Amino acid sequence: MLLKITNLRVYFKSADGFVKAADGVDLELYPGEILGLVGETGSGKTVLGLAITRLLPKTAAVSGEVLYRGQNLLALPEEEMRKVRGRQVSMIFQNPLSSLNPALSIGEQIAEVLREHQGLKRKAAWQRAGELLELTGIPAKWIRSYPHELSGGMRQRAMIAIGLACAPSLLIADEPTRGLDVTIQVQIVELLHAVTKGVSPPRSMLLITHDLGVAAALTDRLAVMYAGKIVEYGRTGEVFRNPRHPYTRALLDSHPSNGLIATKGFSPSLINLPPGCSFHPRCKKARKKCAHEPPLVQRIGMDHGVRCFYA
Amino acid sequence: MRRLLIQRLVSAVFVMLIASFLSFLLLFYAPGNPAETIIRQQSGLDPTYAEIELFMKRHDLNRPFLVQCLQWLYLLTHGKLGVSLRTGEPVLEEFTARFGATFQLAVAAMALSVIIGLPIGVFAATKPNSLFDHIIRVVSLAGVSIPEFWLGLMLMLCFSLALGWLPCFGHGTVRHLVLPMITLAVGITASLMRFVRTSMLEVLNLDYIKTAKAKGLREVVIVWKHALKNALIPVVTILGTQVGHLLAGAVIVETVFSWPGIGKFFVDSIYARDYPVIQGFVLIIAAIYVLVNLLVDILYVYLDPRVRYEGRS
């Protein structure tokens with residue numbers, strides 16, 4: 001197992017109380033596997049990604065365990081953690097325009113990672129940066145361009161080239177297709193597939209997305225997140241064919257290809273979560289029990305689990 | 001870039017013309033008379049009414065305001081700034097003879113401000129609300145508020161009179177430069193620290209800093225390369241406008257320390273109502289100011305790759 005997250009909690013202190021962005025998350029990621037983390041905005045997906053690489057602000061209280069190759073990342077000294085970032089675990093952020101440094105050329109932004117982690121000299125690092133650009137579909141002659149000179153799709157390719165620079169075993173991609181044209185989204189999905197499944201041995205990726213189409217195209221397994229908890233997980237095909245949690249079903253129904261059926265109500269505030277099952281106020285199947293007893297995850301098949309009493 | 005240069009040169013001409021017109025206007029209606037002061041200086045006696053009349057006539061000082069103004073402009077178009085009423089030397093020569101000393105003082109003070117203010121501002125921003133940050137906030141507030149003439153006198157009192165380490169006034173060696181330089185630098189250092197701190201704090205919260213951290217870069221690289229390169233962009237603009245403050249401060253500091261620069265000569269000329277000198281100096285200083293800000297704009301291109309002046313409307 002490459003990554004094993006156990007009982008991860010991320011709380012932010014606010015004036016009104018604790019914001020429970022992740023509330024007891026368990027996740028497993030196998031080598032060479034792409035795991036999709038889906039859920040609506042505010043469900044805690046991004047926070048989870050940042051918690052793994054310990055990039056959350058200091059105000060976040062993080063507890064639990066994040067085992068990467070058997071090593072608890074949450075317990076590593078900061079300097080050790082720094083050496084994991086970018087070398088073993090890379091992140092690809094959404095909105096590459098703001099995530100790339102506007103004052104540095106993309107070549108420099110790739111080369112510096114190689115110089116830091118692989119000790120390459122300037123010239124060798126730039127040489128390799130050019131190759132990485134070519135690999136992600138950017139002509140190497142653009143190496144001296146600045147982020148603002150590239151198109152949205154090109155910027156995301158450059159972002160991916162940075163993430164790949166040190167050949168990490170795990171990529172964490174946070175909404176990598178958000179804000180891109182649909183045709184460009186397809187290209188980025190293909191590129192992400194090529195740099196994970198297309199290399200040998202295949203590379204693992206945690207894909208954080210709210211786009212079910214992207215998740216269906218790329219992932220092996222899915223974890224559905226709602227209000228800081230994983231409510232359902234399973235093989236991607238299985239979850240799509242046979243969604244067992246009412247929220248997963250609602251999420252799938254809301255997809256345009258399934259008729260764009262909206263779920264009533266709003267996702268709850270992470271400060272005042274409803275008692276019992278967090279989803280019960282919006283759930284069509286909710287019964288009395290749901291309102292005061294929090295459901296636990298039940299295994300309902302080979303590698304398929306759901307956090308619901310009546311699944 | 002060429003477009004920018006032309007725009008700036010055109011605006012420079014207007015800035016200079018307006019600055020000299022306004023100073024002309026102020027001087028013309030200000031009480032006092034150059035004839036009285038200058039004759040008294042030269043002969044040591046109170047001038048008679050006839051002497052004053054003669055002096056005024058000789059220097060065309062009794063003509064109407066607009067006529068004098070146009071006369072001065074006419075001279076200017078022939079590349080002349082006129083002659084000092086006090087010394088009889090051409091204004092331009094008076095300026096160039098003294099500008100070196102002022103330039104030395106200004107550059108030294110600016111360099112000291114950047115060397116001290118920049119790193120302190122950066123450190124304060126990396127540890128916001130720490131004890132260091134709070135101390136720096138108080139120190140910079142004090143630095144901005146202390147008037148230069150008082151600070152200069154206090155430094156003299158302490159380091160020249162009491163301790164005897166440094167000379168009180170004069171010009172020539174590095175030791176002479178220390179006190180005036182510090183006096184002039186304190187205010188600029190203080191405001192620079194605050195600007196750098198604010199600008200850094202803003203940048204350190206941006207997405208690309210998170211990216212830099214996610215890349216596993218060292219804190220030093222993140223702060224001094226990724227953040228500072230962006231944070232400097234607004235700071236450079238501020239530095240450009242500080243040149244005005246620098247020249248104004250130089251006038252006071254040079255007077256306090258008897259530093260033989262344009263500042264002191266300028267003040268003496270104002271007391272003596274030496275019109276051509278005042279006019280000429282205002283014009284040149286306005287030109288320097290515009291020039292420095294043009295340099296800042298050019299520097300921008302190197303700091304911020306997003307700024308390219310070509311193709312901008």
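From the N terminus on, in what order do the elements of chain B run?

Mentor: They run α-α-α-α-α-α-α-α-α-α-α-α, so chain B has 12 helices and 0 strands, where helices are DSSP runs of H or I with at least four residues and strands are E runs of at least two, numbered from the N terminus. The model is predicted, so that local features need pLDDT of at least 70 and side-chain atom pairs count only at pLDDT 80 or more, while totals for chains, interfaces and linings use all residues. Residues are numbered from 1 along each chain as its sequence is written, chains are lettered from A and ligands numbered from 1 in the order in which they are written, and side-chain values use heavy atoms, with hydrogens and water left out.

Taken along the principal axes, the C-alpha atoms of chain B fill a box of roughly 85 × 60 × 30 Å. An unreviewed UniProt entry lists residues 99-300 of chain B as "domain: ABC transmembrane type-1"; UniProt positions are given in the numbering used here, with shortened feature names, and the annotations may be inferred rather than shown by experiment. In the model, residues 99-300 of chain B are 85% helix and 0% strand, with end C-alpha atoms 27 Å apart. The unreviewed entry also annotates "transmembrane region" over several spans of chain B, among them 9-30 and 277-303. Residues 9-30 of chain B are 95% helix and 0% strand, with 31 Å between the end C-alpha atoms, whereas residues 277-303 of chain B are 100% helix and 0% strand, with 38 Å between theirs.

Turning to the partner, 18 residues of chain B are in contact with 26 residues of chain A, contact meaning heavy atoms within 4.5 Å. The area buried between chain B and chain A (the accessible area, with a 1.4 Å probe, that the two lose on being put together, summed over both) is about 2,000 Å², and carbon and sulfur atoms give 57% of it. On the chain B side, Ala214(B), Lys215(B) and Pro305(B) lose the most area to chain A, together 27% of what that side buries.

Both chains also line the largest pocket, with Leu56(A), Pro57(A), Lys58(A), Lys213(B) and Glu219(B) nearest its centre among 34 lining residues. Here a pocket is an open set of points on a 1 Å grid over the protein atoms alone, where a 1.4 Å probe fits and protein lies on both sides within 12 Å along at least five of seven lines, and lining residues have an atom within 4 Å of a point. The largest share of the lining, 5 residues, comes from H10(B). The lining residues divide into 20 nonpolar, 2 polar and 12 charged, with Ala, Val, Leu, Ile, Met, Phe, Trp, Tyr, Cys and Pro counted as nonpolar, Asp, Glu, Lys and Arg as charged, and the others, Gly among them, as polar.
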